[in-house]
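Subject: Structure for you to look at

Hello,

Here is the structure I promised to pass on. Please open it beside this email and follow along; my notes come below.

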Protein chains: 2
Amino acid sequence: MSHSEIVTAAMLAIGDELLSGRTKDKNVGHLAEVLTLAGIDLKEVRIVADDEEAIVEALNALRSRYHYVFTSGGIGPTHDDITADAISKAFGLPCVHDEKAMELLGEMYARRNMEFSEARQRMARMPKGAAHIPNAVSTAPGFQVENVYVMAGVPQVFQAMLEVVIKTLPAGKRILSRAISCPFGEGDIGTPLGEVQKAHPETSIGSYPRYDEMKGFHVELVVRARDEAVLNAAAADVEAMIATLKASRPVLEA
Amino acid sequence: MSHSEIVTAAMLAIGDELLSGRTKDKNVGHLAEVLTLAGIDLKEVRIVADDEEAIVEALNALRSRYHYVFTSGGIGPTHDDITADAISKAFGLPCVHDEKAMELLGEMYARRNMEFSEARQRMARMPKGAAHIPNAVSTAPGFQVENVYVMAGVPQVFQAMLEVVIKTLPAGKRILSRAISCPFGEGDIGTPLGEVQKAHPETSIGSYPRYDEMKGFHVELVVRARDEAVLNAAAADVEAMIATLKASRPVLEA
């Protein structure tokens, strides 16, 4: 994959607990940060329940559309862990007890003098031919099938797996960004900022209002581009816009 | 809508900043909690960029499939706020400056001695015929079109709007849940827990491993059902399962 090509990705987070509010997802934000640093554009995220049909449908939609798909959740040893089966079904592959995973897990439980139970053996199941994704936190492997990376839902394990995976991916051309704090409200900058965006079509300029109980609303402007000169030119125009507004009126707080 | 019918919902979170990792979404988890309390099942979440085509496609997929769709983000006054246009397009409606919203915003800015700029007037745009969603934090309205509720991305405003909206929705039959702390690892309970689940098909039993740097992994079991007697029967069997395991072996920490 050449560095000039834009590399895209999607995430599929799996788990009833994310949709009931019992667990607040922490993996989407982490994946987003890691991919941004790697120059890979996260384009879409879906969160679905522990429901085979929902997983298969979402996975097939995402894997055909983006270069990479990263999943989280549902690869443990209990009955509600159905991700391995669902991914196998999506690829039309049999879901089997992987020989290497059985060995690794068997050795680990023997060392710890624990039973390698039928439930624990479930963690060795993956689509036939899948590649392991190891992790330093627990021995249970994630796995890769084609462009899909299947990882754990527990954030510490997800992060450990992602650390391994990200090193194996060809990096894209990283998006550069510059944050510019803005003392004017969005309503004051909206029109001139739109003009700056139009004048710099190769950049993406975002305006992010934040709300603080003490300070009320304030605004952070973020210019993004893949080329540094392009980024600098647009950022200079945003700063000039703020300077012009400052000269023409007092700073408004809202 | 009768109380015996299951009421479903989806969320569509909109914003480049969620996908770059710059902003960590806080609205999905909040919506999930509020809907669970209201007896509405959140079935799917999608996060997409500030991209009209992506918003239209996701919205049309979700609104035809679930009773309600809640969106967050992209309704401010800057050029990257394209949600009103995208929702209008998805419904085939013109996106117009709503008369009532223009009045409300115009009065508010007059009171504050601020210019009702062209950018601020953008916040009054919505699909023709949409109903307002007010909020106590900022005056800018969200809006409702058919089964779609369009709300702000700033969490405080999203929450204020949701508070108004949720009261207008017919509540579903609330899912009851009981959390049971489990001193055994998932690998020890996987097989018997699967049997409990099979014996109680009207419940959904989840097993949630957590990782703590001090304590390692521990497991929370959650039984969910819409009927209290059904819930109690399954929870009793989960507790009996734990008692049986305790009698047969020492507590395992992992």
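Asn113(A) is exposed, because its relative accessibility is 75% and the cut-off for exposed is over 50%. Keep in mind that this is a predicted model. Where does Asn113(A) lie? Look in the loop between helix 5 (99-111) and helix 6 (118-122) of chain A. Now check its backbone. Asn113(A) is not a glycine, yet its phi is positive, about 60°. Most residues other than glycine have a negative phi.

Turn to chain B. Asn113(B) lies in the loop between helix 5 (99-111) and helix 6 (118-122) of chain B. Its phi is near 60°, again positive in a residue other than glycine. Asn113(B) is exposed too, with a relative accessible area of 72%.

How the two chains relate

Strands of a sheet pair through backbone hydrogen bonds, either parallel or antiparallel.

Now zoom in on strand 8 of chain A. Strand 3 (residues 68-72) of chain A pairs with strand 8 (residues 148-151) of chain A in the parallel sense, over 4 bridges. Phe70(A) has Tyr149(A) as its bridge partner, and Thr71(A) stands opposite Val150(A). Strand 7 (residues 142-145) of chain A runs antiparallel to strand 8 of chain A, and 3 bridges join them. In this pairing, Phe143(A) stands opposite Val150(A). The hairpin of strands 7 and 8 of chain A has 2 residues between the strands. There, Glu146(A) takes a positive phi near 45°.

Are the faces of strand 8 of chain A covered or open? Both are covered. Val148(A) and Val150(A) are buried on one side, and Tyr149(A) and Met151(A) are buried on the other.

The cores

The largest nonpolar core has 126 residues. Phe70(A) and Phe70(B) have the most contacts inside it. What does Phe70(A) touch, leaving aside neighbours within four places in sequence? Its contacts include Ala9(A), Met11(A), Leu31(A), Leu35(A), Tyr149(A), Met151(A) and Leu169(A).

A second sheet, in chain B

In chain B, 3 strands form an open sheet in the order 9-11-10, with antiparallel pairing. Strand 9 and strand 10 (204-212) of chain B are the edge strands, and each pairs on one side only. Neighbouring strands of this sheet are turned by 25° against each other on average, direction ignored. Helix 9 (residues 228-248) of chain B packs on the sheet and touches strand 9, strand 10 and strand 11 of chain B. The direction of helix 9 makes about 5° with that of strand 9 of chain B.

Strand 9 of chain B pairs with strand 11 (residues 216-225) of chain B over 7 bridges, in the antiparallel sense. Find Ser181(B) in strand 9 (residues 176-182) of chain B. Ser181(B) stands opposite Glu220(B) in strand 11 of chain B. Ser181(B) is exposed, with a relative accessible area of 62%. Not counting residues up to four places away in sequence, Ser181(B) touches Val219(B) and Ile242(B). Ser181(B) and Val222(B) are 41 residues apart in sequence, but 8.6 Å apart in space, C-alpha to C-alpha.

From the record

An unreviewed UniProt entry lists "domain: MoaB/Mog" for residues 10-172 of chain A. That span is 41% helix and 22% strand. Its end C-alpha atoms lie 15 Å apart.

Best wishes

Technical notes
Residues numbered from 1 in each chain as written. Chains lettered and ligands numbered in written order. Predicted model: local features only at pLDDT ≥ 70, side-chain atom pairs only at ≥ 80, totals over all residues. Heavy atoms only, no water. UniProt positions renumbered as here; feature names shortened; annotations may be inferred. Pairing = 2+ DSSP bridges. Core = buried A, V, L, I, M, F, W, Y, C linked by side-chain atoms within 4.5 Å. Buried < 20%, exposed > 50% of the residue type's maximum accessible area, 1.4 Å probe, protein only. Contact = heavy atoms within 4.5 Å. Axes fitted to C-alpha atoms, helices over the stretch in contact; angles between N-to-C directions.
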